[in-house]
Amino acid sequence: VTDNQLIQAMCILQETFVEYAEKSGDKTSMTQADFALMLRKECCMQLDSNQSLKEFFDKLDSNGDGVIDFNEFCVLMATFLKLLEPM
Ligand SMILES: [Ca+2]
């Protein structure tokens, strides 16, 4: 992965984040509803119950303020990338 690819990936991440975050009015943070929508549309991930969604959300919300900010979002994406990487 080159630096350029990394920068490109970061831009895509930021655009995706803002696209969903602004649905609830605040571009800098994602609510649980924004987050669920993003998982469904971008990751084809349907969390089967509100309970598992909430658990996932709470895990990501590391400062516990009830919303996911861009830093917390990047942690999620880093986790996904690690899962995709061959061992
Ligand atoms: Ca948070």
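This is a predicted model: local features need pLDDT of at least 70, side-chain atom pairs count only at pLDDT 80 or more; totals for chains, interfaces and linings use all residues.
A nonpolar core is a set of buried Ala, Val, Leu, Ile, Met, Phe, Trp, Tyr and Cys residues joined through C-beta atoms within 7 Å.

**First stop: the core.** Select Phe17, Tyr20, Ala21, Met30, Phe35, Ala36, Met38, Phe57, Ile68, Phe73 and Leu76; these eleven residues form the largest nonpolar core. Now colour helix H1 (3-21), helix H2 (32-42) and helix H4 (70-84), the elements that each supply two or more residues to this core. In soluble globular proteins, nonpolar side chains tend to be buried together.

**Second stop: H1 against H2.** The crossing of the two helices is right-handed. To view the contact, select Thr16, Tyr20 and Ala21 on H1, together with Asp34, Leu37, Met38 and Glu42 on H2. Among the residues of this contact, four are nonpolar, one is polar and two are charged.

Which residues of H2 are buried? Select Asp34, Phe35, Ala36 and Met38 to see them.

**Last stop: beyond H2.** Follow the chain just past the end of H2 and select cysteine 44, where phi is positive, at about 50°.

Methods:
Residues are numbered from 1 along each chain as its sequence is written. A residue is buried if 20 or more other C-beta atoms lie within 10 Å of its own, exposed if 12 or fewer, and partly exposed in between; C-beta atoms are placed from the backbone. Helices (H or I, at least four residues) and strands (E, at least two) are DSSP runs, numbered from the N terminus. A crossing is left-handed if the near helix is turned anticlockwise from the far one by less than a right angle, and right-handed if clockwise. Two residues are in contact if their C-beta atoms, placed from the backbone, lie within 7 Å. Ala, Val, Leu, Ile, Met, Phe, Trp, Tyr, Cys and Pro count as nonpolar, Asp, Glu, Lys and Arg as charged, and the others, Gly among them, as polar.
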